[in-house]
Amino acid sequence: MEKTWLISTCLILYCFKPIVAIHSIGGTVEAGNYSYYVLKYNGPIVLTLDSQEGDADLYISEKFDHPTYDLEEHSMASYSCGIESLYIPKSFGRPVNIGVYGHPRFEQSHFILTADFLPEEEEMDLFQAFKDP
């Protein structure tokens, strides 16, 4: 229950932040395979992966050009049966290497990957709601 509240709070905080630009790309990934992307924007980014059909998962790395689901080969990950979302602060190394993995349960996964570029001065404080007044 607490995790759900924290995620909801983060989404509400995010919804009220100004966005510099939004970029989206659609794609298809085969079961057990990856599609890779690179972002070079220096400011904070919110990545969202929406599986339109199937189940695609999101893996991010600042070290590896081709992040995978192996724990040693990604810095951040979001893998669920729904919409995947990751906040990447400007302190995260650049470029941001993105791996979209097609879950083996589905022959193909069709997805939309969206990058919301936030203004550099608008770093998100995810614990803002928990600070003492």
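Here is a quick briefing on this chain, zooming in on Ser-35 and a group of tyrosines. The model is predicted: local features need pLDDT of at least 70, side-chain atom pairs count only at pLDDT 80 or more, and totals for chains, interfaces and linings use all residues. Residue numbers start from 1 along each chain as its sequence is written, and side-chain values use heavy atoms, with hydrogens and water left out.

**The chain overall**
- The protein chain has one helix and eight strands, running α-β-β-β-β-β-β-β-β along the sequence; helices (H or I, at least four residues) and strands (E, at least two) are DSSP runs, numbered from the N terminus.
- Of its 133 residues, 37% are buried, meaning under 20% relative accessible area, with exposed over 50% and partly exposed in between (1.4 Å probe, protein chains only).
- Take the contacts (heavy atoms within 4.5 Å) between residues at least 6 apart in sequence: 80% of them join residues at least 24 apart.

**The sheet**
- Four strands make an open, antiparallel sheet in the order E2-E7-E4-E5; two strands pair if DSSP finds at least two bridges between them.
- E2 and E5 (76–78) are the edge strands, each pairing on one side only.
- On average, neighbouring strands of this sheet are turned by 20 degrees against each other, direction ignored; the axes are lines fitted to C-alpha atoms, and angles run from 0 to 180 degrees between N-to-C directions.
- E2 pairs with E7 (residues 96–102) in the antiparallel sense over six bridges.

**Ser-35**
- Ser-35 sits in strand E2 (residues 34–39), opposite Val-100 in E7.
- With a relative accessible area of 15%, Ser-35 is buried.
- Leaving out residues up to four places away in sequence, Ser-35 touches Thr-28, Val-29, Ile-98, Gly-99, Val-100 and Phe-111.

**The tyrosines**
- The structure holds seven aromatic pairs; rings of Phe, Tyr and Trp (its six-membered ring) pair if their centres lie within 6.5 Å, and planes under 30 degrees apart count as stacked, over 60 as edge-to-face and the rest as tilted.
- Tyr-34 and Tyr-36 form a stacked pair, 5.5 Å centre to centre with 15 degrees between the planes.
- Tyr-34 is partly exposed at 21% relative accessibility, and Tyr-36 is partly exposed at 30%.
- The Tyr-69 and Tyr-101 rings have centres 5.1 Å apart and planes at 65 degrees, so this pair is edge-to-face.
- Tyr-69 lies in the loop between E4 (56–61) and E5 and Tyr-101 in E7, so their pair ties together parts that are 32 residues apart in sequence.
- Tyr-69 is partly exposed at 44% relative accessibility, whereas Tyr-101 is buried at 9%.
- Ring pairs link Tyr-34, Tyr-36, Tyr-69 and Tyr-101 into a cluster.
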